[in-house]
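Student: I am new to this structure and would like to go through it by question and answer. Please show it to me.

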Amino acid sequence: MSVNDQKLRVGVVGLGFAGRTALEAFSELPDVEVIALAGLEKDTLTSLGEKHGVPHLYEKWEDLLETPGLDAVSIGTPTQLHAPIALAALGKGLHVLSEKPLARTVAEGTAMVEASKQAGRVLKVVFNHRERGDVAALKHQIDEGQLGRIYYAKAHWMRRNGIPGMGGWFTNRELSGGGPLIDLGVHILDMALHLMGEPEISTVSADTFAELGPRGKGSASTPDRPTVDTLGSKFEVEDLATAYLRLKGGGALQLETSWATFRAPGDNFGIELFGTEGGAKIEVQNYTTTDTLRIFTDVAGVPAEVKPATGAGLGHRAVVREFVRIVRSGEWEGQNGSEALLRTEIIDACYASAKAGREVVLHA
């Protein structure tokens, strides 16, 4: 069938934040029909199905993939399910939109990308923070040459008490693939590489720490924060990670991310860029979208600071709309998740470096 002739028929897997956000974004588009929804929480499944008029409701994602007439699948599940669902969906000739990260490992991510190429179908990963208004405005300034050549960048996402789902899948290495580095770090890594023009990483040197989580500290849960004795599973991942990435051809990128650490309260992320003609900084505190961007330059030899007014941006909605646009356009060549796989390779190298206690070479 030609997707240009009728509505794009989508199935959404996952009833958590990612799944619900995707469901809402797809449902508001006039050229899309969400025809199937899958998740294990029966009451939530029923209520969301009724709210959005979804005709086919399933507990198992395997059953959703059998829905007649399905064109695409959106994956908003724990990370260990990204690869199995995507591989099965692509094998059935369906397009796939997956929550970040692409996968737990390079091996899983590579299999997904190869399956996308083999099937000739779209595989896109949700990197919603590059769709923020401040990031888009800064990207425009960089593309216009306002910062010159960017030779150093620092990106961070730091929380005081922000371990998600203590004792759940987030803190289980087998299910998640890692802690804040793979969860939050992949967002700031994507933001940095996107702004810097996709530089190639030559070497990675990283360290990871687990000082608070294993002691039952730093949970985002309130008011009854679980202790180490009441966790559903052991805290098996890091709660803070730092990495120094050397760029091929010169330049460097520093990453710093944590779920829990003794610092000022809040959930803060951002990036600072240093270029030959100017600099810039995005600082986001508790997900604010206003007064977050600064651009540093010289005016007639005098240091100057510009504070552009930026909108919130569309975030997840922008990613969903772009996914739908690509699928409906029929121009699927190269839309196979390769860019997301590069992020997975870097995160993998960071974990390998931290484990070995030495620098890891990615591209000599």
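Student: How many aromatic pairs does the count come to?

Tutor: This is a predicted model, in which local features need pLDDT of at least 70, side-chain atom pairs count only at pLDDT 80 or more, and totals for chains, interfaces and linings use all residues. Residues are numbered from 1 along each chain as its sequence is written, and side-chain values use heavy atoms, with hydrogens and water left out. Rings of Phe, Tyr and Trp (its six-membered ring) pair if their centres lie within 6.5 Å; planes under 30 degrees apart count as stacked, over 60 as edge-to-face and the rest as tilted. By this rule the count is 7 aromatic pairs.

Student: Which kind of aromatic pair do phenylalanine 26 and phenylalanine 323 form?

Tutor: Their ring centres are 6.3 Å apart, and the planes stand at 80° to each other. The pair links distant parts of the chain, with phenylalanine 26 in helix 1 (residues 17–27) and phenylalanine 323 in helix 10 (residues 316–329), 297 residues apart. Helices (H or I, at least four residues) and strands (E, at least two) are DSSP runs, numbered from the N terminus. The pair of phenylalanine 26 and phenylalanine 323 is edge-to-face.

Student: Is tyrosine 287 buried, partly exposed or exposed?

Tutor: Buried means under 20% relative accessible area, exposed over 50%, and partly exposed in between (1.4 Å probe, protein chains only). Phenylalanine 269, which forms an edge-to-face pair with tyrosine 287, is buried at 0%. Tyrosine 287 has 41% relative accessibility, so it counts as partly exposed.

Student: Why is strand 5 largely enclosed by the rest of the structure?

Tutor: One side of strand 5 carries His95, Leu97 and Glu99, and the other carries Val96 and Ser98. Both faces are covered. Strand 5 (residues 95–99) is largely enclosed because the number of its residues that are buried is 5 of the 5.

Student: Which residue of strand 5 is the bridge partner of isoleucine 75?

Tutor: Two strands pair if DSSP finds at least two bridges between them. Strand 4 (residues 72–75) pairs with strand 5 in the parallel sense over 4 bridges. In strand 5, the partner of isoleucine 75 is serine 98.

Student: What handedness has the β-α-β unit of strand 5, helix 5 and strand 6?

Tutor: Strand 5 and strand 6 (residues 123–126) pair in the parallel sense over 4 bridges, and helix 5 covers residues 106–119. A crossover is right-handed if, with the strands pointing away from the viewer, the path from the first strand over the helix to the second runs clockwise. The unit of strand 5, helix 5 and strand 6 is right-handed.
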